[in-house]
Amino acid sequence: MLKKVFCISLLSIGVLVFSQKKWTIQECVDYAIKNNLQIQAQAYNKDVQTKNLEMAKREYLPGVSGTISNSASFGNSQFVNTSIRNDNFNNNANVGANILVYNNGRLEKTIRKTGFDLDASLQDIETIKNNISLQIAQQYLNVMLNREIKKISESAMENAQRLYDRAKITTDVGTTAQTVLAEATASLAREKQNVKTAQINVDKALFAMAQLLQLQDYKTFDVVDIPVPDELTPQTESVEEVLNIAYTSQPIVKAAEIRIKAAEAQTEVVKTNFYPTISATAGIGSFYNNRLNTNNISGTPQLYIKEHSFADQYRENFGQQLSLSANIPIFNKGITKLQVEQTKINEVIAKNNLEQQKFQLKQDIQQAQFNADSNYEIYVAAIEAEKSTRLALDFAEKSYEAGRSTIYDVTIARNNFANAQGSVAQAKYNYLFSIKVLDFYAGRGITL
């Protein structure tokens with residue numbers, strides 16, 4: 001019984017420890033990269049390209065095959081002026097090898113093209129990883145924002161509680177009217193509702209994060225709080241500086257550049273169809289034959305048949321073959337020329353795709369810098385508004401304590417201050433994400 005209780009206790013502790021685990025941003029990114037289905041699907045495509053490259057390299061090796069055949073025939077055959085029984089059994093065995101001698105470098109060019117396909121698929125995986133990392137960073141900051149808003153709501157609720165406690169005392173002793181307590185009660189109820197709403201928003205943000213990670217158990221999911229500086233500084237990098245780094249570091253651009261090389265390599269592969277293909281073959285083989293009717297034929301002793309043994313015939317009939325053949329293209333309806341023109345079009349498409357990716361990247365970086373600059377200005381303006389509303393709240397509280405204003409005036413001032421604090425938090429995290437986007441394009445990774 002004690003052993004059973006001990007085991008249950010250990011299990012309970014294990015579950016509790018797991019439920020209390022808080023994920024860091026790096027753990028979230030690592031888990032998403034390892035388990036994301038989109039990344040796994042792209043990884044399978046990479047595996048296919050890897051096998052294609054392996055097969056292309058093995059085309060240099062000779063192909064070797066062996067054949068064994070058996071046949072039997074039964075019936076009569078015409079022999080001079082008579083018909084004789086002619087039953088036969090035949091066995092043949094051959095081993096042959098063929099190897100490509102010349103094809104204007106088709107094998108080498110195919111390997112080169114397939115290698116480019118593999119490199120491009122690797123860059124596609126990195127692109128997906130980067131996109132997921134950005135999404136996780138944004139959602140992580142969203143969790144932090146909602147937690148800060150919750151703290152602001154809790155602070156407002158504490159102030160409302162103090163006002164309620166004071167209003168209850170003064171109302172009970174008869175120094176203030178019942179309406180003061182009613183207003184304080186309503187204000188406290190509103191702040192409690194705001195705290196509840198803020199908590200729900202935190203839970204929603206965590207739920208969205210768990211869904212992004214594709215976690216099954218989202219109810220116990222939680223993340224570590226990250227330190228955020230109280231004061232932020234403007235970013236100073238220009239679009240050109242970030243863009244120059246992005247053009248050489250972003251995998252989506254690298255993939256587009258590699259696919260241009262792959263398209264050019266495919267053109268070279270198709271051009272080899274204009275040239276002869278020379279192949280060499282070699283083979284060895286032997287055969288065995290048995291007439292089956294080994295008795296005298298029509299009573300004629302001269303036609304008595306005695307078969308050699310299987311081993312003797314295979315030894316006596318053993319032979320070798322060597323051949324060199326050339327396949328020279330003369331006329332194939334102009335299809336090869338059209339195929340070359342088609343691959344040239346694919347080269348243009350690949351180059352156009354690179355320009356599209358660069359243009360999109362430039363727009364994304366310009367947008368990220370615009371967001372960073374505008375969010376910083378909003379942040380600075382929100383700081384000033386927070387200071388003003390803080391001062392207004394101080395005056396309202398002092399005026400209320402002196403009996404020159406109502407609890408309603410204090411509630412309005414406190415709501416204005418809470419809204420200003422929320423605006424500061426919103427602007428701060430929007431600016432932080434804008435900076436992280438620029439860091440991402442500048443090749444500095446995603447860190448919080």
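1. The lining of the largest pocket divides into 10 charged, 7 nonpolar and 1 polar residues. The classes are these: Asp, Glu, Lys and Arg count as charged; Ala, Val, Leu, Ile, Met, Phe, Trp, Tyr, Cys and Pro as nonpolar; the others, Gly among them, as polar. The model is predicted: local features need pLDDT of at least 70, side-chain atom pairs count only at pLDDT 80 or more, and totals for chains, interfaces and linings use all residues. Residues are numbered from 1 along each chain as its sequence is written, and side-chain values use heavy atoms, with hydrogens and water left out.

2. The volume of the largest pocket is about 340 Å³. A pocket here is an open set of points on a 1 Å grid over the protein atoms alone, where a 1.4 Å probe fits, with protein on both sides within 12 Å along at least five of seven lines. Lining residues have an atom within 4 Å of a point. Grid points are joined across faces, edges and corners, and the volume is the space filled by probe spheres set on the points.

3. 18 residues line the largest pocket. Nearest its centre lie Met144, Arg147, Glu148, Lys151 and Tyr429. At least two lining residues each come from H4, helix H5 (178–212), helix H9 (335–401) and helix H10 (407–441). H4 gives the largest share, 6 residues.

4. The second largest pocket holds about 240 Å³ of space. H4, H5 and H10 are the elements that give two or more residues to its lining. The lining has 14 residues, and Ile149, Ser153, Asn194, Ala418 and Asn419 lie nearest the centre. By class, 8 are polar, 5 nonpolar and 1 charged.

5. Helix H4 covers residues 106–172, 67 residues in total. From first C-alpha to last, H4 reaches 98 Å, close to the 99 Å expected at 1.5 Å a residue. The expected span is 1.5 Å times one less than the number of residues. After H4 comes Gly174, with a positive phi near 90°. In the whole protein there are 10 helices and 6 strands. These are DSSP runs, numbered from the N terminus: helices are H or I with at least four residues, strands are E with at least two.

6. Glu191 lies in helix H5. Is Glu191 buried or exposed? Glu191 counts as buried because its relative accessibility is 4%. The cut-offs are under 20% relative accessible area for buried, over 50% for exposed, and partly exposed in between, with a 1.4 Å probe and protein chains only. Leaving aside neighbours within four places in sequence, Glu191 is in contact with Ser153, Ala156, Met157, Ala160, Arg414 and Asn415. Contact means heavy atoms within 4.5 Å. C-alpha to C-alpha, Glu191 is 9.3 Å from Ser155, which is 36 residues away in sequence.

7. Strand S4 (residues 88–102) runs antiparallel to strand S1 (residues 63–73), joined by 11 bridges. Gly63 stands opposite Asn98 in S4. S4 also runs antiparallel to strand S5 (residues 277–290), with 13 bridges between them. Here Tyr102 is opposite Ile278 in S5. Two strands pair if DSSP finds at least two bridges between them.

8. Leu100 has its place in S4. Leu100 counts as partly exposed because its relative accessible area is 29%. Beyond neighbours within four places in sequence, Leu100 is in contact with Leu107, Thr277, Ile278 and Ser279.

9. Which backbone angles deserve a look? Most residues other than glycine have a negative phi. Asn104 has a positive phi, near 60°. Asn104 sits in the loop between S4 and H4 and is partly exposed, at 22% relative accessible area. Gln214 also has a positive phi, about 60°, although it is not a glycine. Gln214 lies in the loop between H5 and helix H6 (239–249). Gln214 is partly exposed, with a relative accessible area of 34%.

10. Two totals close the note. Of the 448 residues in the protein, 34% are buried. Among contacts between residues at least 6 apart in sequence, 82% join residues at least 24 apart.
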